[in-house]
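Let's take a walk through a protein together. Keep the sequence and the 3D view open, and look for each part as we come to it.

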Amino acid sequence: MREFLVEITTRIPEGTDPAEVDRRRAAEAVRAKELAATGHLVRLWRPVGELRSLGLWRAADEAELHETVLGTLPLRSWMTLVVTAVESHPNDPGKPGGAVKTDPTA
């Protein structure tokens, strides 16, 4: 699967019933767990002091990411997405065989 960095900004439409917001947020949490279990949602962060999220997502391609992954989020109709396809960097310390941290005193 390919990896995508996705910036998500959610804006609740003015006048939305608070009960609808609560219902969708609860459903969003359930769906996020499901997507994590299937390997589509890898990591999710919230920048300090901001009401947006940054996530690492996986899908076969960008079409699948939009249609069958992000498109299934209960809050999707309130979201603005910025999607960036990413690939492993040769010096990624988290990649097997990637950069190795060395002890500068050795």
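We will start with the sheet, go on to a helix and a pocket, and end with a few single residues.

What you see is a predicted model, in which local features need pLDDT of at least 70 and side-chain atom pairs count only at pLDDT 80 or more, while totals for chains, interfaces and linings use all residues. Residues are numbered from 1 along each chain as its sequence is written, and side-chain values use heavy atoms, with hydrogens and water left out.

Let's begin with the sheet. Helices (H or I, at least four residues) and strands (E, at least two) are DSSP runs, numbered from the N terminus. Two strands pair if DSSP finds at least two bridges between them. Strands of a sheet pair through backbone hydrogen bonds, either parallel or antiparallel. In what order do the four strands of this open sheet stand? The order is β2-β3-β1-β4, and the pairing is antiparallel. At the edges stand β2 (41-45) and β4, each with a single partner strand, so one side of each has no neighbour in the sheet. On average, neighbouring strands are turned by 20° against each other, direction ignored; here axes are lines fitted to C-alpha atoms, for helices over the stretch in contact, and angles run from 0 to 180 degrees between N-to-C directions.

β1 is joined to β4 (residues 79-86) by eight bridges, and Val 6 stands opposite Val 83 in β4. Eight bridges also link β1 with β3, again in the antiparallel sense. Here Leu 5 has Leu 56 of β3 as its bridge partner, and Val 6 stands opposite Gly 55 in β3. β3 also pairs with β2, in the antiparallel sense, over four bridges. Look for Leu 41, whose bridge partner in β3 is Trp 57, and for Arg 43, which stands opposite Leu 56 in β3. Helix α2 (residues 62-69) packs on the sheet, where it touches β1, β3 and β4, and its direction makes about 115° with that of β3. Contact means heavy atoms within 4.5 Å. Between β2 and β3, the hairpin has six residues, and Gly 49 takes a positive phi near 75°.

Next comes open space. A pocket is found on a 1 Å grid over the protein atoms alone: whereas a cavity is a set of points where a 1.4 Å probe fits but cannot get out, a pocket is an open set with protein on both sides within 12 Å along at least five of seven lines, and lining residues have an atom within 4 Å of a point. Grid points are joined across faces, edges and corners, and a volume is the space filled by probe spheres set on the points. How much space lies in the largest pocket? The answer is about 460 Å³. Its lining has 16 residues, and the closest to the centre are Thr 10, Glu 28, Arg 46, Ser 53 and Leu 75. Two or more lining residues come from each of β1 (2-10), α1 (18-37) and β3 (52-59), with α1 giving the largest share, four residues.

Is Thr 9 buried or exposed? Thr 9, in strand β1, is buried because its relative accessible area is 17%; buried means under 20%, exposed over 50% and partly exposed in between (1.4 Å probe, protein chains only). Not counting residues up to four places away in sequence, Thr 9 touches Leu 51, Arg 52, Trp 78, Met 79 and Thr 80. Arg 24 lies in helix α1 and, at 16% relative accessibility, also counts as buried. With the same exclusion of residues up to four places away, Arg 24 touches Pro 74, Leu 75, Ser 77 and Trp 78. Asp 92, in the segment after β4, counts as partly exposed at 29% relative accessibility.
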